[in-house]
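Trainee: I have a structure to read and would like to learn how to take it feature by feature. Could we go through it slowly together?

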Amino acid sequence: MRLLVGGYTADMDGTADGIGLLTAGDADSTSAGSLSWRGTLASVPSPSWVAKHPNLDVAYATLEGAGAVQAFREQGPDQWVAFGQPSPVGAAPCHILAGRERLFVTCWGDGQVVQLELDADGGIRGSVTADAASDPYAGYDPEPRVSHAHQSIVVAPGVVATTDMGFDLVRFWRTGSRAPRLIQEVTLPRGSGPRHGLLHPSGHLYIVAELSCELFVLAPDDAGVWHVVGGTPLGAGTLDGDTAAELTQSSDGTLLYAGVRGSNTVAVMRVTGEGEAASPLALVEAGVDWPRHHLVVADGLLVAGQRSNDVAALPLDARGIPGRPTTRTEVPSPTCLLRLP
């Protein structure tokens, strides 16, 4: 199993040199097995998020400190080279949603949501900035706030949701035209800070809140209008000052895993009902310092420790609860893990 690894370089106080390569287990295995750091594939500044084109041997990285996105093309076994020039987007781009014809880039620094058009070879050929978010508390909030767009998620054909942790919004966009069109905003509790999320097989949208360490459940009504239908704290044991990071699900969709930085834990939640709710199941040690990102493989959870400079493999027991790391490897300032086909 091969994984591209995004990370922070010196321009953002990290130790990485660019996009790296991590291998886990045997080449034909879905098991985490042993971990091996293979080094840097492409030297670029702070590729904090890496996404793969769904059909082509092309990957895209946010150059967070430079405010740009760069395309890379695979030219041979473990050989990735820059493809075209970096495309400026907004301040501190932190996530890319890669489609066949376009990219959606969310910018933490200024809240911009940018759509980048792709050519037939996967190269970036133009950009459109969507309408800026507005503060739902403007006019009666004594503390002015700043928009911080963080992630894009496909929730239906031609519809993308984006999180804004600065304005506590989940925004829904109609895509497929030259510029995305805002169709709805759902406001979450003040100061919750929606960060990342996922669309569950049940059709519910789960959003993890970075600042309040909560999980929110959204669903559309019969008219296609989205509403908050449930929510829960990530579980007893989170600490004041903790911040939630990545959210992912088990292979069968019955469990959710949220990384918690500060206490350096992973919150495990069980999906209940028809997907409209989730309940805390366990809070376990992440095995790393500052669990920035994680993903599920067949028998374990791979967790990237941004501050401990490593990736750890946590085995999953019969209930799906992660245990103590069985293996780890040194990886410089990892911020994103992308499994390659």
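This is a predicted model: local features need pLDDT of at least 70, side-chain atom pairs count only at pLDDT 80 or more; totals for chains, interfaces and linings use all residues.

Trainee: Is H204 buried or exposed, and why?

Mentor: A residue counts as buried when its relative accessible area is under 20%. H204 has a relative accessible area of 11%, and therefore it is buried. Its side chain also makes a polar contact, at 2.8 Å, with the side chain of S202.

Trainee: Where does M165 lie, to take another loop residue?

Mentor: M165 belongs to the loop between β13 (159-164) and β14. Because its relative accessibility is 7%, M165 counts as buried.

Trainee: In what sense do β9 and β10 pair, and over how many bridges?

Mentor: Strands of a sheet pair through backbone hydrogen bonds, and the pairing may be parallel or antiparallel. Here β9 (residues 102-107) and β10 pair in the antiparallel sense over five bridges, with R102 standing opposite E117 of β10. The two strands form a hairpin with five residues between them, and G111 in the turn has a positive phi of about 80°. On to the next partner: β10 and β11 (residues 124-129) are again antiparallel over five bridges, and Q115 stands opposite V128 in β11. This pair, too, forms a hairpin with five residues between the strands, where G122 in the turn has a positive phi of about 90°.

Trainee: What order do the strands have in the open sheet of four?

Mentor: The order is β12-β13-β14-β15, with antiparallel pairing. Its edge strands are β12 and β15 (181-187), each of which pairs on one side only. Neighbouring strands of this sheet are turned by 25° against each other on average, if direction is ignored. Within the sheet, β14 (residues 169-174) pairs with β15 over six bridges, and R171 stands opposite E185 in β15.

Trainee: How much space lies in the largest pocket, and which residues lie nearest its centre?

Mentor: The largest pocket holds about 700 Å³ of space. Of the 27 residues that line it, W49, H95, E246, H293 and L338 lie nearest its centre. Elements giving two or more residues to this lining include β4 (47-52), β16 (194-199) and β28 (334-339). By class, the lining divides into 14 nonpolar, 10 polar and three charged residues.

Trainee: How many cavities of 30 Å³ or more are found in the whole structure?

Mentor: The search finds three cavities of that kind, and about 60 Å³ of space lies in the largest cavity. Among the residues lining that cavity are S48, C94, R195 and T335, while β4, β16 and β24 each supply at least two lining residues. This lining has two nonpolar, five polar and three charged residues.

Definitions and conventions. Residues are numbered from 1 along each chain as its sequence is written. Side-chain values use heavy atoms; hydrogens and water are left out. Two strands pair if DSSP finds at least two bridges between them. On a 1 Å grid over the protein atoms alone, a cavity is a set of points where a 1.4 Å probe fits but cannot get out, and a pocket is an open set with protein on both sides within 12 Å along at least five of seven lines; lining residues have an atom within 4 Å of a point. Grid points are joined across faces, edges and corners, and a volume is the space filled by probe spheres set on the points. Ala, Val, Leu, Ile, Met, Phe, Trp, Tyr, Cys and Pro count as nonpolar, Asp, Glu, Lys and Arg as charged, and the others, Gly among them, as polar. Axes are lines fitted to C-alpha atoms, for helices over the stretch in contact, and angles run from 0 to 180 degrees between N-to-C directions. Buried means under 20% relative accessible area, exposed over 50%, partly exposed in between (1.4 Å probe, protein chains only). A polar contact is a pair of N or O atoms within 3.5 Å; within protein, one must be able to donate a hydrogen and the other to accept it, and residues adjacent in sequence count only if both atoms are side-chain atoms.
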